[in-house]
Amino acid sequence: MQARAEELRLSGKRIAFVPTMGYLHEGHLSLIDAAGRESDIVIVSIFVNPTQFGPQEDFENYPRDLERDIELAKKRGAHIVFHPSAEAMYGECPLTNVEVSRITDVLCGASRQGHFRGVATVVTKLFNIVKPHLAVFGQKDAQQAAVILKMVEDLNMDIEIRIAPIVRESDGLAMSSRNVRLKAEDRKNALILSRTLFSIREGLYNGEPLGKLLEQGRAKIQKIPGARLDYLEARTFPGMELLQNADPDKNCLIALAARFGKVRLIDNVLIPKKGEQRV
Ligand code: AMP
């Protein structure tokens, strides 16, 4: 892959990269669209990265379907699908990690020890292998996007980062590879997540206080049978500072994580600062 990428660069091609863990859905495919609009060559990686899963997490049960993924990615315009084995990625005994501090202590980082070190390390490795000019990430994983932006800035990586909007099912649930693992009842109940986020955003636009909206949102989710809320918080984006009150001069990320059975779901809405377009 590295030799191929070098060849492409030398022949003047602009490479855009979409890293994924596979089991592709319309959210991933929208990133391929975005990548295609700004490049000559789109490379998609499919790698369920073991180092970003904790020992009690769902690495083994993460859904996989490589053949279908390759077909979907290619149909949508990907030129190369890179799917390395864990052995090829990590070899015998890697001793080097990339650690982004502080912004990884909160939200998902607080309950998923080592998760963002795994993410930052594998994304660095993939960047070094794929040699992209541009990489596209989804706002669905907003904290991950913030971590990548900071890592690229701090380590002077010569790669442009794009953040693409969240793609949702028609009823509002954020698309996720993990959604197929939801039991039918939980799939229905999980609608509370996006509904709560949308109603908080609506409340903020109507001038209601952030603290009260978050409290009401937490209470609504906790009342749903089978739902276990991990967090529902407002933070600046990409700085990840806790927001007690809405501040029109800061991007406000309302983010949540909740479990339904064994499935952990995340979702968010981003309310851009004054002067930037609402999404
Ligand atoms: P994953 O395969 O879950 O690691 O996701 C790979 C990339 O796709 C990440 O940049 C995610 O943020 C992005 N992504 C996942 N789900 C969605 C979605 N529903 N909408 C937009 N991007 C998404």
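Nine bridges join β6 to β7, and the two strands run antiparallel. The model described here is predicted. Strands β6 and β7 belong to an open three-stranded sheet with the order β6-β7-β8, while a further open sheet has five strands in the order β3-β2-β1-β4-β5 and parallel pairing.

**The antiparallel sheet**

- The order β6-β7-β8 goes with antiparallel pairing in this open sheet.
- β6 and β8 (263-271) stand at the edges with a single partner strand each, so one side of each lacks a neighbour in the sheet.
- From one strand to the next, the twist of this sheet averages 15 degrees.
- The loop between β6 (227-236) and β7 (252-260) contains Pro-238.
- Phe-237 and Pro-238 are joined by a cis peptide bond, with omega at about 5 degrees.

**The parallel sheet**

- Five strands make up this open sheet, ordered β3-β2-β1-β4-β5 and paired in parallel.
- The edge positions belong to β3 (80-82) and β5 (160-164), each of which has a single partner strand, so one side of each is left without a neighbour in the sheet.
- The twist here averages 25 degrees from one strand to the next.
- Six bridges join β1 to β2, and these strands run parallel; Ala-16 stands opposite Val-42 of β2.
- On the other pairing of β2 (residues 41-46), three bridges join it to β3, again in parallel, and Val-44 stands opposite Val-81 of β3.
- Helix α1 (residues 2-10) packs on this sheet, where it touches β1 (15-20), β2 and β3; the direction of α1 makes about 150 degrees with that of β1.
- Helix α2 lies across β1, β2, β4 (134-138) and β5, and runs at about 150 degrees to β4.

**Burial of strand β2**

- Six of the six residues of β2 are buried, so this strand is largely enclosed by the rest of the structure.
- Ile-41, Ile-43 and Ser-45 point one way from β2, and Val-42, Val-44 and Ile-46 point the other way; the residues of both sets are all buried.
- Val-42 and Val-44, which share one direction from β2, are the β2 residues named in the two pairings: Val-42 opposite Ala-16 and Val-44 opposite Val-81.

**The α6–α7 helix pair**

- Helix α6 (residues 115-130) packs against helix α7 (residues 142-154) at an angle of about 55 degrees, and their axes are 10 Å apart.
- That angle makes α6 oblique to α7.
- The two helices cross with a right-handed sense.
- From α6, the contact is made by Phe-116, Val-119, Ala-120, Val-123, Thr-124 and Phe-127; from α7, it is made by Gln-143, Gln-144, Val-147, Ile-148, Met-151 and Val-152.
- By class, this contact has nine nonpolar and three polar residues, and no charged ones.

- His-28 is placed in helix α2 (residues 26-37).
- The relative accessibility of His-28 is 13%, and His-28 therefore counts as buried because the cut-off for that class is under 20%.
- Leaving aside residues up to four places away in sequence, His-28 touches Thr-20, Gly-22, Tyr-23 and Ser-177.
- Tyr-23, one of these contacts of His-28, is found in the loop between β1 and α2.
- Phi of Tyr-23 is near 55 degrees, a positive value in a residue other than glycine.
- With a relative accessibility of 23%, Tyr-23 counts as partly exposed.

**Leu-107**

- Leu-107 lies in helix α5 (residues 107-111).
- Phi of Leu-107 is near 45 degrees, which is positive although the residue is not glycine.
- Leu-107 has a relative accessibility of 6% and counts as buried.

How values were computed. Residues are numbered from 1 along each chain as its sequence is written. This is a predicted model: local features need pLDDT of at least 70, side-chain atom pairs count only at pLDDT 80 or more; totals for chains, interfaces and linings use all residues. Side-chain values use heavy atoms; hydrogens and water are left out. Axes are lines fitted to C-alpha atoms, for helices over the stretch in contact, and angles run from 0 to 180 degrees between N-to-C directions. Helices (H or I, at least four residues) and strands (E, at least two) are DSSP runs, numbered from the N terminus. Angles under 35 degrees count as roughly parallel, over 145 as roughly antiparallel, 65 to 115 as roughly perpendicular and the rest as oblique. A crossing is left-handed if the near helix is turned anticlockwise from the far one by less than a right angle, and right-handed if clockwise. Contact means heavy atoms within 4.5 Å. Ala, Val, Leu, Ile, Met, Phe, Trp, Tyr, Cys and Pro count as nonpolar, Asp, Glu, Lys and Arg as charged, and the others, Gly among them, as polar. Buried means under 20% relative accessible area, exposed over 50%, partly exposed in between (1.4 Å probe, protein chains only). Two strands pair if DSSP finds at least two bridges between them.
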